[in-house]
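Hi everyone, thanks for making time for this one. I'd like to walk you through a model I have been looking at, so let me put it up on the screen.

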Amino acid sequence: MTMASGLPRPYDEQPANLADILERVLDKGVVIAGDIRINLLDIELLTIKLRLVVASVERAKEMGIDWWEQDPALSSKARRGELGRENEELRRRIAELEARQET
């Protein structure tokens with residue numbers, strides 16, 4: 001679209017509602033990054049690195065971000081895997097203790 005002067009208009013005439021904006025952000029993804037450093041006499045006392053990614057689950061997976069799938073606090077599948085490993089470890093330890101008792 002062009003204006004009467006021949007220059008392109010940066011935005012459509014219709015205002016975007018919140019749902020449209022949220023859909024665009026989740027579809028494309030947004031990354032916000034920043035660092036906070038506290039120095040005293042050129043001695044670094046504290047560094048905080050902030051990284052924020054806002055995206056849909058599908059978009060995050062396309063970017064290689066899927067940490068929630070392996071986190072037992074967030075995924076029942078990961079929790080089952082962790083419980084299975086813990087169960088096997090406990091069974092192994094019990095078998096070792098029983099073997100010591102027998103000798």
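**A first look at the chain**

Buried residues make up 4% of the 103 residues in this chain. Please keep in mind throughout that this is a predicted model.

So what is in it? The chain has three helices and two strands. If you read along the sequence, the pattern runs α-β-β-α-α. The accessible surface comes to about 9,500 Å², and 56% of that belongs to carbon and sulfur atoms. As for contacts with a separation of 6 or more, residues 24 or more positions apart account for 16% of them.

A word on confidence before we zoom in. The mean pLDDT of the chain is 79, with 85% of the residues reaching 70 or more.

Have a look at the surface here: I36, I38, L40, L41, I43, L45, L46, I48 and L50 form a nonpolar patch, and together they have about 860 Å² of accessible area. The elements that give two or more residues to this patch are β1, residues 30-40, and β2, residues 43-54. Which of them gives the most? That is β2, with five residues.

Let me pick out I48 from that list. This residue sits in strand β2. I48 has a relative accessible area of 33%, so it counts as partly exposed.

R51 forms a salt bridge with D35, and the closest N and O atoms are 3.0 Å apart. This pair links distant parts of the chain, with R51 in strand β2 and D35 in strand β1, 16 residues apart. Are the two partners buried or exposed? R51 is exposed, at a relative accessible area of 51%, while D35 is partly exposed, at 41%.

**The loop between the strands**

Now, what joins the two strands? Both L41 and D42 lie in the loop between β1 and β2. I'd like you to look at the backbone here. Phi of L41 is near 55°, a positive value in a residue other than glycine. For D42, phi is near 60°, again positive in a residue other than glycine. In general, most residues other than glycine have a negative phi, so these two are worth a look on your screens.

And how accessible are they? L41 has 77% relative accessibility, so this residue counts as exposed. D42 counts as exposed as well, at 81%. Remember that L41 is also one of the residues in the nonpolar patch.

**Into helix α2**

At 18% relative accessibility, S56 counts as buried, because the cut-off is under 20%. What does the side chain of S56 reach? One of its polar atoms lies 3.2 Å from the backbone nitrogen of R59.

R59 also has a partner of its own: the side chains of R59 and E62 meet in a salt bridge, 2.8 Å from N to O. Both residues lie in helix α2, three residues apart, which is about one turn of the helix. R59 is partly exposed, with 28% relative accessibility, whereas E62 is exposed, with 60%.

**The other salt bridges**

How many salt bridges are there by this rule? The count comes to five. You have already seen R51 with D35 and R59 with E62. Another one joins the side chains of E69 and K61, at 2.8 Å from N to O. Here E69 is partly exposed, at 30% relative accessibility, and K61 is partly exposed, at 43%. Finally, E89, R92 and E96 are linked in a network of salt bridges.

To leave you with one picture: a predicted chain in which 4% of the residues are buried, with a nonpolar surface patch to which β2 gives the most.

Definitions and conventions:
Residues numbered from 1 in each chain as written. Predicted model: local features only at pLDDT ≥ 70, side-chain atom pairs only at ≥ 80, totals over all residues. Heavy atoms only, no water. Patch = residues over 30% accessible without salt bridge, like charges linked within 9 Å, V, L, I, M, F, W, Y side chains within 5 Å. Areas by Shrake-Rupley, 256 points an atom, 1.4 Å probe, with all protein chains shown as cover. Salt bridge = Lys/Arg side-chain N within 4 Å of Asp/Glu carboxyl O. Helix = DSSP H or I, 4+ residues; strand = E, 2+ residues; numbered from the N terminus. Buried < 20%, exposed > 50% of the residue type's maximum accessible area, 1.4 Å probe, protein only. pLDDT = per-residue confidence, 0-100. Contact = heavy atoms within 4.5 Å. Polar contact = N/O pair within 3.5 Å; in protein donor to acceptor, adjacent residues only side chain to side chain.
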